[in-house]
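Here are a few friendly notes to read alongside the model. Please keep the sequence open as you go.

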Amino acid sequence: MTSTVYKAFVCALLTVAIFVVAGTFPNSIFQTGPAFASANSYSSLPTVGGEPAFATKADGMVSTVESHLQSENFTAAKQASAELTEMYPEFLKGWMLLGYCSTATSDFAGSNEAYARAIELGADKHNVLSRMAYNHIRLGEYDDAKECYRTILESNRDDFDALKQLGYLESKLGNFDAASHYYKRALDADPDNADMIVALAKVEAKRGGNGTVTDLLEKAVELDPENTAFLGKLGVVYIKEKEFDKAIDPLNKLIALEPENVNAYRNLGVAHYQLNQ
């Protein structure tokens, strides 16, 4: 018996009463998935269009805001951008900066007010709506966030990020059928996105589609064979489906990549234990 299998057996025997006799397995198999869209970096602010006639004075104030942002003094940056919008209420970039700085200081409602004004002035609606959705999520306003993403899809029905975020929101709210719908559409837009495949597998597990889950995870591992999270999930799913022989390969690969992963040894031990019954 190899040292790896021996270690696995030891771990298995410590937990077999829980996971074999009780017939249960960890319910946290699928706890990963697309996170909510985070606030983008300042360098990726949406395109804001043309400059006003008073660009010289406005540019000076913009420079002040940007200086505060570079030093990560977001409170001062927000104050300076508020002064900019007060002095130049038709200056689109000022409202974009105020929206960004408000999010950075956790004033999510104020940020969305600034972004709404920016849209009125002709800002790139797609990017601004994504930022507004993020703010709504932070405020717990999930229906408003979903509406932002749906509006994006009206102009581009295959927008991957909007589909991904709608899938995640529906999953978070327990609407697994809707989540599956959006994740499948996201995969139509990006068929080889391994993270999205696993996100769909999580939802399908909630819906009771074990066979589908296995197929999805096998594809995810095929696309990203050294992803330890995928390998671990696939191994546990095989065990859950009592395909213990299939569980051994992904779990051995996981242990090779993470020799100190106790859970991997435990699950490998469970698989070997069952095969030797």
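1. Let's begin at a helix start: a side-chain oxygen of Asn227 lies within 3.0 Å of the backbone nitrogen of Ala229, where α12 begins. Helices here are DSSP runs (H or I, at least four residues), numbered from the N terminus.

2. A word on the source: this is a predicted model, in which local features need pLDDT of at least 70 and side-chain atom pairs count only at pLDDT 80 or more, while totals for chains, interfaces and linings use all residues. Residues are numbered from 1 along each chain as its sequence is written, and side-chain values use heavy atoms, with hydrogens and water left out.

3. Helix α12 covers residues 228-240, and its 13 residues reach 18 Å from first C-alpha to last, close to the 18 Å expected at 1.5 Å a residue (that is, 1.5 Å times one less than the number of residues). Just after α12, Lys242 has a positive phi of about 65°.

4. In α12, 10 of the 13 residues are buried (under 20% relative accessible area, 1.4 Å probe, protein chains only). Among them are Phe230, Lys233 and Tyr238.

5. The largest nonpolar core has 70 residues, and Val65, Leu69, Leu84, Met96, Tyr149 and Leu217 touch the most other members. Helix α10 (residues 194-207) gives the most to this core, eight residues. Such a core joins buried Ala, Val, Leu, Ile, Met, Phe, Trp, Tyr and Cys residues through side-chain atoms within 4.5 Å.

6. On confidence, the chain averages a pLDDT of 82 (the predictor's confidence in each residue, from 0 to 100). Over residues 12-54 the pLDDT is below 50. Where pLDDT is low, the predicted coordinates should not be read in detail.

Terms used. Buried means under 20% relative accessible area, exposed over 50%, partly exposed in between (1.4 Å probe, protein chains only). Helices (H or I, at least four residues) and strands (E, at least two) are DSSP runs, numbered from the N terminus. A polar contact is a pair of N or O atoms within 3.5 Å; within protein, one must be able to donate a hydrogen and the other to accept it, and residues adjacent in sequence count only if both atoms are side-chain atoms. Contact means heavy atoms within 4.5 Å.
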